Amino acid sequence: MVRPSSIFIIATHLFASFSIVQTSEEIPISKQKLKRNLSRSLLSFINEGRSSSKLWPLQPSKYGNAVSAKFLKLVVSKQQITSSYDFCRGKSAHLVGYGSSVQAIYDYWINEVDLRAIVQSKLFRYTGGSAMKINNRIYAVQVFCTDDMVKKLALEYDVKKIKDIRQSILSYEIGYRMLQDLSEFIPSPMMDKSAQKSAEIAAMTEEGVNSIENKEHCKGIGGEIYGNHHSAFSIYATWKRRGYLESPAYRYTGLGIAVRNDARIFAVQIFCSADWPLSQPHTYIYRTILRAEWTKQKLLGLNIPREDQYLKKFAGMRSNTLSKYGTLMRNPISVMECETFREIKSSGENTGELIANLFRNGSHVIFDKRWVRTGVGVSRDFQGIYYAIQIFCT
C-alpha cells in the first residue's frame with residue numbers, strides 16, 4: 001500500500017529484456033572508488049539536465065546514499081524494494097536502472113515520461129544514489145526527497161506528544177464504543193507497559209505484532225492490534241475496521257505509543273477479558289544474571305563487558321516479545337550499532353532455572369572475549385514463566 005503523502009515509483013521495467021544476473025561474487029573493497037565515481041557521474045547527469053530545464057540542482061545526502069545502497073543490494077539479489085521504508089520526512093520517490101553505462105541509465109530515465117517527471121520534479125531538493133558494476137553491467141538506484149533525509153531513524157521521547165496521541169486514540173475509541181452501546185475499556189497498567197515495549201520495538205524494527213503468530217497471553221479472551229501512520233486518527237480509523245474495538249468480550253486494555261523522528265507514529269493496543277496481574281520489577285533477576293557471568297569471567301581472566309543502557313532497553317523489548325508470543329521475529333541487526341553482535345535467550349520458572357538454562361545454551365557466547373558491551377532483558381508471561389534475552393556487542 002502506497003502512502004498518500006509519498007510518491008513511490010519503481011522503474012524496474014527499464015528494458016524489455018530486464019533480468020538481473022545473480023552473482024555470489026562480493027564486490028572487493030578496491031572497487032569502492034569506482035562505485036562512488038559511478039554515483040557521482042549519474043548525479044552530474046541529473047543536475048545538468050535540471051539546469052538546462054532551469055531547475056535547481058539536487059543536493060546530495062549522505063543518508064540518502066546509504067538508503068540507496070541498501071536498495072541496490074535488494075535489486076542485485078532480485079528482491080523487492082518495500083515502499084513502506086521511511087527515509088524521507090516529506091514526499092519521496094526512487095528509481096532503479098541498469099545499462100552498459102551511466103549515460104544509458106540516465107537517457108532511459110529522461111526519455112520515459114513518468115521517470116522524467118521524477119528526475120525533473122520541482123518538488124525534490126535532496127537526493128542519494130548508489131551504483132555498482134557487475135559483469136560489465138552497471139546497476140543504479142537513485143532516491144529523491146522534498147526535505148533533507150533523516151540521518152538515523154530513532155525514537156523521540158516527547159512525553160507531551162506521546163500523551164496527546166494516546167489520549168486522542170482512547171477518546172476516539174470511547175466515542176465509538178458509546179455509539180455501539182458498549183462500556184468503556186478499563187485501562188490496565190501492566191498491559192500498558194507491555195504494549196509500550198511492543199510499540200517501541202515496532203518503531204525500531206518496523207515489525208508489527210501482526211507479522212507473527214499471536215498466542216494467548218492473558219487469562220481470558222485476548223487480542224492485540226498494531227498500526228503505524230502519521231496521525232492518531234488514521235491509526236484509530238484503521239483499527240475500527242478490524243473489529244477489535246466493538247468486541248463486548250474485551251474489558252481491559254493497554255495502549256503503547258512510540259513516535260519516530262520521521263514523524264511516524266507506531267501504536268500497539270492489547271485487549272483482554274481479564275486484567276493482567278501486577279508483577280514485581282525484574283531488576284534483581286537481570287542483576288543476578290550479570291553477577292553470575294561476571295564471577296566466572298573473572299575466574300577465566302576475561303574482560304567483563306560493561307552494561308549498556310541501550311542494549312538493556314532493547315533486550316527488554318525483545319524479552320517482552322518472547323514472553324507474549326513464545327517466538328522472536330528477525331534478528332535486530334538493523335538497529336544494533338555493533339560491528340558484531342550475538343543474542344541468546346532462556347526461559348525458566350524461577351531465577352535459578354533461568355540462569356542455568358542461559359549458561360547451558362549460551363556459554364560459548366557469554367565467555368567470548370570479543371564482547372565489550374552487553375544488555376539483559378527479563379519478562380514474565382501470564383503463566384509465571386520468566387524469559388530472558390541477552391545481547392552482546394563488540
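Guide: A word on pairing comes before anything else: two strands pair if DSSP finds at least two bridges between them. Please keep in mind throughout that this is a predicted model.

Visitor: How do you know that β7 pairs with β9, and which residue stands opposite His229?
Guide: Pairing requires at least two bridges, and eight bridges join β7 to β9, residues 265-272, with the two strands running antiparallel; therefore they count as paired. Opposite His229 stands Ile265 in β9.

Visitor: Why is Asp308 called buried?
Guide: Buried means under 20% relative accessible area, and Asp308 has a relative accessibility of 10%, so the residue counts as buried. Asp308 lies in the loop between β10 and α9, and, leaving aside residues up to four places away in sequence, touches Arg373, Thr374 and Gly375.

Visitor: What makes β10 and β11 edge strands?
Guide: The open sheet has four strands in the order β10-β12-β13-β11, with mixed pairing, and β10 and β11 are its edge strands because each pairs on one side only. For β11, antiparallel pairing with β13 extends over eight bridges, and within it Gly348 has Tyr386 in β13 as its bridge partner.

Visitor: Which strands does α10 touch where it packs on that sheet?
Guide: Helix α10, residues 351-366, touches β11, β12 and β13, and its direction makes about 160° with that of β11.

Notes. Residues numbered from 1 in each chain as written. Predicted model: local features only at pLDDT ≥ 70, side-chain atom pairs only at ≥ 80, totals over all residues. Heavy atoms only, no water. Buried < 20%, exposed > 50% of the residue type's maximum accessible area, 1.4 Å probe, protein only. Contact = heavy atoms within 4.5 Å. Axes fitted to C-alpha atoms, helices over the stretch in contact; angles between N-to-C directions.
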